[in-house]
Amino acid sequence: MAAQLDLPRELTSRPQPLITLTGLDSKRNADHRIIADAFTANRRSDRLPINFQVRPTDHDYPVASQPRQSYEFFHPRGILKSQWLTKHLSSVPSVCILFFNLDWDTEAWAERVQECLSKIQCVRASLSGRNTRVALVLLQSKTRSPLGEDLLTSERAALLCSACELSSKHLFILPYIDQNQIMGYVQRLETAFFELAQQYYQGEAKRVKSRKEFLNKGTHLLLFVRHQFKCAFYSEMRQDLTTALQHYIMAYSYLIEVQPSLSNSLELRTVGGYLNYKVCRLCFRGGAPRDALTQFRKHIDQFKNIIYYPELAFEHYAWLAKQFSIFGDLFDEAVR
């Protein structure tokens, strides 16, 4: 029973934007392996919080569901979808970066551009239906003047962006001449990629918020909880903890408006525990321990007497004990 009461790892981990790196043949190309390792290995606390994953160009990403046109007759089966957090933490990228070897003065320019376009199209096809940002990094063995300062560079950059239907803001250069200088370039690229990821998660949150006008609180209260949870999660992925906390608090307030019954009491209790954990943890991280304590007391008062199966009362009290244990762990972490 103890394992069943534990919070899922995807809930307790600190969300980091997922960015996939593609076009790097780490097994057969030593330079590509060094570049991939520069992004993925030794992710110290002084680097931006990003989850980089190397994927093949034709990787099978989760299929995107079709957006719902109406919620009039829609009744969700539950509050939170199974595996939703896991999917967005480890499978659905905010940004997909294609790495491609191409110098500005290459002789086979037209052929190489077509090859690059083919790879870009393959990436977009694998992400069909998603709003994932796609960016291109050119691996170059020669140094030239920055974009905009060299005529050939500017002309060919514009042609490449046009051919690949790519914004110039999504085109980057990674000179690979001196291995000792690679980390400097990588860290600058990380900053640009992180900004693209923030734009993606902000856009996803806006799309969720836009659905509110189609919902009726009387019949779609569970969706109000779900959507606030999603917005909170997307804010965490953006590292905007203040906004995330606001959404988690709203999700909890909607949750306790749901009328408990024999069929939903276990789910309400479980999701309530998830939301309470998030609110308390973010309060502690934000330097508001009194708010965390207030939330925890509210949480216990809300659920301590909801027992629909007397023969399973021992499970309910085990859950209550676990709530105190979880809060104690958060308090201990905050005062270290």
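## Two helices side by side

In this predicted model, the axes of helix 10 (residues 265–285) and helix 11 (residues 289–303) come within 8 Å and cross at roughly 170°, where axes are lines fitted to C-alpha atoms, for helices over the stretch in contact, and angles run from 0 to 180 degrees between N-to-C directions. That angle makes helix 10 roughly antiparallel to helix 11, since angles under 35 degrees count as roughly parallel, over 145 as roughly antiparallel, 65 to 115 as roughly perpendicular and the rest as oblique.

The residues of helix 10 that take part include L268, R269 and F284, and they meet residues of helix 11 including P289, D291 and F303; contact means heavy atoms within 4.5 Å. The residues of this contact divide into nine nonpolar, five polar and two charged, with Ala, Val, Leu, Ile, Met, Phe, Trp, Tyr, Cys and Pro counted as nonpolar, Asp, Glu, Lys and Arg as charged, and the others, Gly among them, as polar.

## The chain as a whole

The protein chain holds twelve helices and five strands, which are DSSP runs numbered from the N terminus, with helices (H or I) of at least four residues and strands (E) of at least two. Buried residues make up 44% of its 336 residues, where buried means under 20% relative accessible area, exposed over 50% and partly exposed in between (1.4 Å probe, protein chains only). Along its principal axes, the C-alpha trace spans about 80 × 50 × 35 Å.

The five strands form an open sheet in the order 2-1-3-4-5, with parallel pairing; two strands pair if DSSP finds at least two bridges between them. Strand 2 (51–54) and strand 5 (171–175) stand at the edges with a single partner strand each, so one side of each is left without a neighbour in the sheet. From one strand to the next, the twist averages 25°.

Strand 3 (residues 95–101) pairs with strand 4 in the parallel sense over seven bridges, and I97 has A135 in strand 4 as its bridge partner. Strand 1 (residues 18–22) is joined to strand 3 by four bridges, also in parallel, and T22 stands opposite L98 in strand 3. Strand 4 (residues 133–140) is mostly covered, as seven of its eight residues are buried.

## How the model was read

Residues are numbered from 1 along each chain as its sequence is written, and side-chain values use heavy atoms, with hydrogens and water left out. Local features need pLDDT of at least 70 and side-chain atom pairs count only at pLDDT 80 or more, while totals for chains, interfaces and linings use all residues.
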